Amino acid sequence: MLHAELPICATLKIHMPKEEKTIVVSELSKKFTFPVKTEGTGWLKNLLRPEIRHVRAVDAISFSVTKGERVAFIGPNGAGKSTTIKMLTSILFPTSGTIRVLGLDPTTDRKKLAYKIGTVFGQRSQLFPNLPITDSLEFFGVMYDMTDIQIRKRVIELAELFELNSFADQPVRKLSLGQRMRAEVAASLMHRPEVIFLDEPTIGLDVIAKKSLRDLLVKINNEEQTTIFLTSHDVGDIESLCNRTIIINKGILVKDLPTQELTRTFVYEKYIDLVPPVAFETFPELPDGIRYATKGKNKITTIVDLDRISVRDALKALLDIFEVEDVDVYNTDLETVIRHIYEAD
Amino acid sequence: MINELYFALYAIKKNVQSNAELRTSFIANIIGMMINNTSFLIIWIFFIRSVGIINGWTAADILGLQGFSALCFGIVFSAGGGIRHTAEYVSSGSFDRFLLSPKNLLLRLATSSFGVSAVGDMLFGVACLAIYATLLHTTPYQVAFICVLVILSTMVFLAAVVTVYSASFLFVDSNTVVDGLFELFLTPALFHGGAFRGGMRFIFTFVIPSLLIGTLPVEAVRNASLEKLLLITLLSFAWLLISFKLFYAGVRKYESSNFMTFGS
């Protein structure tokens, strides 16, 4: 009887399987202080009693990540991405707020947490420059208290998965950037971490190396259920790797939504391609809210600003101006959407 | 604890292997440092021959002093060569990787680099102490004293180095200041022990622990003085404790950075 009186949502809540939260961040802030030079003040005063400026690199952000999710944590330069990742991985102490990664507090459980997470910093190498990759992998194995047999097995596994065998015996300093990055990720996965934090892992890589790294990360995520938390400026990383995107700007969390919904939800512009029956001869001035993206004899691409003109009106106007055989209307790419979100803030 | 020590030894082994890959520089560094130390010792021996014994300090004592100092310098800066790079790690942000490691932070930092030239100091120190023990016609009791004192002076040396290099966390580009502070500690430690009397002796024992490295150990061995041994023991443990506290207080001030870095 009592059960029958419970509201439907409460009953559902009891029976629904609880999603395992890997990362829970609440009201997280980080403040940095640094001296600044005051204009018009003597150098001695600037040296001895400089003005101290406080900057909130991260300002009261809250979010959570579920086990197995692939999350892109993006934002423009200086947005607070790296600072957040460093707080999540015990590198920096937060000024305020709470963090739980796999149920552990990074500020007090640094060592315990390190056994459960992996990290890759695109600008930092964790490998021995003078030794072959296998030595670095073995080093990580010993660091994570793995037995000799476990280390040997895992090195073989990762070398196969990341295709390291062809250059496994070369000193790391002689590897290409793409090869080194694959080795970096492999090293961070030695101990089968439950979460892997990647800070710009594809920085400086060519398109092939980027694709190969992204594919590997998806594979690891599928096969080992490793949660991926990634920061990147590369839209390709976000599109092909992450099923969720969190956008941060000036330390504040701006958007948090599935990556697929990004282009659908934040459409500020539409593209219209016009194909002529023979060839376009002239390119007249376009109505307000429409501009040329490309002008070609065989195809014109225009950009429609949806704040100023609707697609319907734009199409009507364009068809009045040009004689066309075919028309194609499509959304802006993710990069443009993200740029707009950054600029709006 | 066993895992920590096993990993520390393993890290040292890997660093040695990594350095040994550059064979010529590896050997040249060791020999170069031994030549450097020998020339320093020769200057002191000539000094004593021309000036004579000062406050009971003979040429053999100077040999002992150089032996203790070089040996603890060699042990700390070879196996724990990473400490010397603290300022560089902090300013470049590569200290991050130690915080990401599941091991003891200080041990991980110390064993992150192997000081090849310090092996030369270590070998020189052993040679000096062996000659010193022979010249002194030491009893087995005094030999045991030397062994215990090597451990204690290494502890003090480690504590001093950790304390000095912890200053790296306080401000950016601290290399010059940290190196200056280290010289302030090291120079008196290598100086003629007989020169320190009264206030100077007090300062360089209790405020800056330079005399605990070589001067007091040599005097303790010479007189088989248990009082001096006890004093060095107490001070070495106290300094070690203080240095660890200062190091971890410094780590809390670490702010990281995003420079490109390399190495495990």
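Colleague: Does B:I35 count as buried or exposed?

Modeller: We go by C-beta neighbours, placed from the backbone: 20 or more others within 10 Å make a residue buried, 12 or fewer exposed, and anything in between partly exposed. B:I35 has 11 C-beta neighbours inside 10 Å, so B:I35 counts as exposed. Keep in mind that this is a predicted model, in which local features need pLDDT of at least 70 and side-chain atom pairs count only at pLDDT 80 or more, while totals for chains, interfaces and linings use all residues. As for names, residues are numbered from 1 along each chain as its sequence is written, and chains are lettered from A and ligands numbered from 1 in the order in which they are written.

Colleague: Where does B:I35 lie?

Modeller: Elements are DSSP runs numbered from the N terminus, helices being H or I with at least four residues and strands E with at least two. B:I35 belongs to α2(B), residues 23-51. B:D121 is 86 residues away from B:I35 in sequence, yet the two C-alpha atoms are 9.6 Å apart in space.

Colleague: B:D121 takes me to α7(B) and its contact with α3(B). At what angle do α3(B) and α7(B) pack?

Modeller: Axes are lines fitted to C-alpha atoms, for helices over the stretch in contact, and the angle runs from 0 to 180 degrees between N-to-C directions. For α3(B) and α7(B) (residues 116-135) the angle is about 150°, with the axes 7 Å apart. That makes the two helices, α3(B) and α7(B), roughly antiparallel; the classes are under 35 degrees for roughly parallel, over 145 for roughly antiparallel, 65 to 115 for roughly perpendicular, and oblique for the rest. The crossing of α3(B) with α7(B) is left-handed, a word used when the near helix is turned anticlockwise from the far one by less than a right angle, with right-handed for clockwise.

Colleague: Which residues make the contact between α3(B) and α7(B)?

Modeller: Two residues touch when their backbone-placed C-beta atoms lie within 7 Å. Among those in α3(B) are B:L63, B:G67, B:A70 and B:G74, and α7(B) contributes residues including B:D121, B:M122, B:G125 and B:L129. By class, the contact of α3(B) with α7(B) has 17 nonpolar, six polar and one charged residue; nonpolar means Ala, Val, Leu, Ile, Met, Phe, Trp, Tyr, Cys and Pro, charged means Asp, Glu, Lys and Arg, and the others, Gly among them, are polar.

Colleague: How do α3(B) and α11(B) cross?

Modeller: The axes of α3(B), residues 59-79, and α11(B) come within 9 Å and cross at roughly 130°, so α3(B) and α11(B) are oblique to each other. This crossing is right-handed. B:D61, B:G64, B:L65 and B:F68 of α3(B) face partners in α11(B) that include B:P217 and B:V221.

Colleague: And which residues of α11(B) meet α12(B)?

Modeller: B:L216, B:P217, B:E219 and B:A220 of α11(B) meet B:K228, B:L229 and B:I232 of α12(B). Those residues divide into five nonpolar, no polar and two charged. The helices α11(B) (215-223) and α12(B) (226-251) pack at about 150° with axes 8 Å apart, and are therefore roughly antiparallel. Their crossing is left-handed.

Colleague: Over in chain A, how many residues of α7(A) are buried?

Modeller: Nine of the 12 are buried, so α7(A) is largely enclosed by the rest of the structure. Among the buried residues are A:R180, A:M181, A:E184 and A:V185. The cover over them includes β5, α5, α6, β6 and α8 of chain A. From first to last C-alpha, α7(A) (177-188) reaches 16 Å, close to the 16 Å expected, which is 1.5 Å times one less than the number of residues.

Colleague: How many residues does each chain bring to the contact between the chains?

Modeller: Chain B brings 25 residues and chain A 30. On the chain B side, α1(B) gives the most, with six residues.
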